[in-house]
Amino acid sequence: MSTECLSKIAEVDLDPNGVFKYVLIRVHSKDDDSYVDIVRGYAWAEYHADIYDRVAGELERGGGLDCECLGGGRIKHDSAAKKIHVYGYSMGFGRAKHSVSTEKIKTHYPDYEVTWADEGY
């Protein structure tokens with residue numbers, strides 16, 4: 001049941017254009033040891049915690065899942081050029097493992113050039 005529930009969660013959800021904050025979230029099943037890491041990035045968020053609070057609240061509402069923020073950063077998404085660059089860090093959550101986030105983004109956007117760097121805020 002829990003693995004099936006986790007498999008229904010989109011691993012990547014990003015706004016289509018712009019520079020915006022993102023978080024890497026680990027979603028745990030409360031039934032067993034299974035989990036999935038997801039990437040969420042939105043231009044509406046003033047703070048990384050805004051994204052985490054909304055996403056975790058929605059996912060945890062059903063009662064079977066628990067969320068943990070693994071860190072954050074910024075994303076520059078240019079859909080016209082098919083480029084995504086992941087960089088920076090979150091003051092509140094620390095730096096996400098951009099290599100993990102980038103691999104998930106590459107799977108979701110296979111025809112994009114996806115890069116990352118630890119530099120920048």
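## Exercises on a predicted model

His 48 has contacts, beyond residues up to four places away in sequence, with Lys 21, Tyr 22, Val 23, Gly 72, Gly 73, Tyr 89, Ser 90 and Phe 93. The structure is a predicted model.

**Exercise 1.** Find the element that holds His 48 and decide whether His 48 is buried or exposed.

*Solution.* Step 1: locate the residue. His 48 lies in helix α2, which covers residues 48-60. Step 2: take the relative accessible area of His 48, which is 5%. Step 3: apply the cut-off, where buried means under 20%. His 48 is therefore buried. Step 4: check the record. An unreviewed UniProt entry carries the annotation "active site" at His 48.

**Exercise 2.** Give the strand order of the sheet and name its edge strands.

*Solution.* Step 1: the open sheet has six strands in the order β1-β3-β2-β4-β5-β6, and its pairing is mixed. Step 2: β1 (12-14) and β6 each pair on one side only, which makes them the edge strands. Step 3: from one strand to the next, the twist averages 25 degrees.

**Exercise 3.** In which sense do β5 and β6 pair, and what is the handedness of the crossover between them?

*Solution.* Step 1: β5 (residues 83-87) and β6 (residues 113-116) are parallel, with four bridges. Step 2: find a facing pair, such as His 85 opposite Thr 115 in β6. Step 3: follow the chain from β5 through helix α3 (residues 98-108) to β6; this β-α-β crossover is right-handed.

Technical notes: Residues numbered from 1 in each chain as written. Predicted model: local features only at pLDDT ≥ 70, side-chain atom pairs only at ≥ 80, totals over all residues. Heavy atoms only, no water. Pairing = 2+ DSSP bridges. Helix = DSSP H or I, 4+ residues; strand = E, 2+ residues; numbered from the N terminus. Right-handed = clockwise from strand over helix to strand, strands pointing away. UniProt positions renumbered as here; feature names shortened; annotations may be inferred. Buried < 20%, exposed > 50% of the residue type's maximum accessible area, 1.4 Å probe, protein only. Contact = heavy atoms within 4.5 Å. Axes fitted to C-alpha atoms, helices over the stretch in contact; angles between N-to-C directions.
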